[in-house]
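Biologist: I am new to this structure. Please take one part and walk me through it closely.

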Amino acid sequence: MNQNEKFQLRTETQEGRCIVYLSGELDLDSASQLRAAMAPLMELTDRELILNLRDLKYIDSTGIGIFVSVLKARHAKNAPFEVEAIPPGIRKLFDMTGITTFLTKS
Amino acid sequence: MTADEKITLKLPAKSDYLDLIRLTLYGIATKIGFTYEEIEDMKVAVSEACNNAVLYAYAGRLDTEPHGEMEVSFVRTVDSLSIVVKDEGHSFDAASVAQKAEPLHGKSIQDIQAGGLGLYLMQALMDEVEVRSEKGTEVVLTKRLEKSGEMA
């Protein structure tokens, strides 16, 4: 069944890395939750910031917009940022909008 | 559903209801015979149209005023599904937004911005997108039913 899944995020801090796991549906309603969680993490310039999208079921321009602002903020601070484990359906939207090259290393 | 049948949802223009709209779309599009991928495309396009209604149509409304509404209609024609998202708020300048509707390909990090991506995605994911601004805004998103899915 294609049931909507509530957006959730979990942060895992390791030495030198901070990984944020996103799951469920990231839409306009859940966007503020992600923005609030990312704000303090964006300041941690001494470690790599990674968004893991393995369990993310939905995204639209709201979520992509947040990724763009995190990307720009990290770039301005010369701090590493990457998005990993992008599911095919979400990858398709990233490719369409042209954001893929900015978010991934290869 | 037979030709030209219409289902309409009328709801407060609040982000709480976006998941309900996607669930309804999923139910209707599945019943008509769209593929999983087509339905995923439509979900994003419809959400983009509703996001605009939620964010801009009733901006500036006081908390004491009643909440504005949006209307989402699903119209089945012989060979397509049209989703009509309508609000009665401040209409946004569709022409100027359409000009900004472009992807980020070939830009530098400094130059990229998320504005305009919503309309760009609607256009990329649907077969037809029409934006009418008169009293409020009306966005008509159409996806054609592929012939391959039809029974011989």
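Modeller: This is a predicted model. Over all chains, the structure holds 1 aromatic pair. Its partners are Phe67(A) and Phe94(A). Phe67(A) belongs to helix α2 of chain A and Phe94(A) to helix α3 of chain A, so the pair ties together parts that are 27 residues apart in sequence.

Now follow Phe94(A) into its helix. Helix α3 of chain A covers residues 88-97. Its buried residues are Ile90(A), Leu93(A), Phe94(A), Met96(A) and Thr97(A). Seen down the axis of α3(A), these buried residues fall within an arc of 165°, so they line one face of the helix.

What does that face pack against? Within chain A, the buried residues of α3(A) pack against β3 (48-59), α2 (61-76), β4 (81-84) and α4 (100-103). From chain B, α2 (36-57) and α4 (117-125) also pack against them.

Next, the backbone around this helix. Just after α3(A), Gly98(A) takes a positive phi of about 85°. Most residues other than glycine have a negative phi. Ala85(A) has a positive phi, near 50°, and is not a glycine. Ala85(A) sits in the loop between β4 and α3 of chain A. With 40% relative accessibility, Ala85(A) counts as partly exposed. Asn78(A) is another non-glycine residue with a positive phi, about 60°. Asn78(A) lies in the loop between α2 and β4 of chain A. Its relative accessibility is 71%, so Asn78(A) counts as exposed.

Two other rings have a charged residue over the face. Arg10(A) lies over the face of Tyr21(A), 4.4 Å from the ring centre. Arg22(B) lies over the face of Tyr58(A), at 4.2 Å from the ring centre.

That brings in chain B. Chain B has 4 helices and 5 strands. Along the sequence, chain B reads β-α-α-β-β-α-α-β-β. Of its 152 residues, 47% count as buried. Take the contacts in chain B between residues at least 6 apart in sequence: 63% of them join residues at least 24 apart. The accessible surface of chain B comes to about 8000 Å², and 49% of that belongs to carbon and sulfur atoms.

Technical notes
Residues numbered from 1 in each chain as written. Chains lettered and ligands numbered in written order. Predicted model: local features only at pLDDT ≥ 70, side-chain atom pairs only at ≥ 80, totals over all residues. Heavy atoms only, no water. Buried < 20%, exposed > 50% of the residue type's maximum accessible area, 1.4 Å probe, protein only. Helix = DSSP H or I, 4+ residues; strand = E, 2+ residues; numbered from the N terminus. Arc of directions from axis to C-beta. Contact = heavy atoms within 4.5 Å. Areas by Shrake-Rupley, 256 points an atom, 1.4 Å probe, with all protein chains shown as cover. Phe/Tyr/Trp six-rings, centres within 6.5 Å; stacked < 30°, edge-to-face > 60°. Lys NZ or Arg CZ within 6 Å of the ring centre and 35° of its normal.
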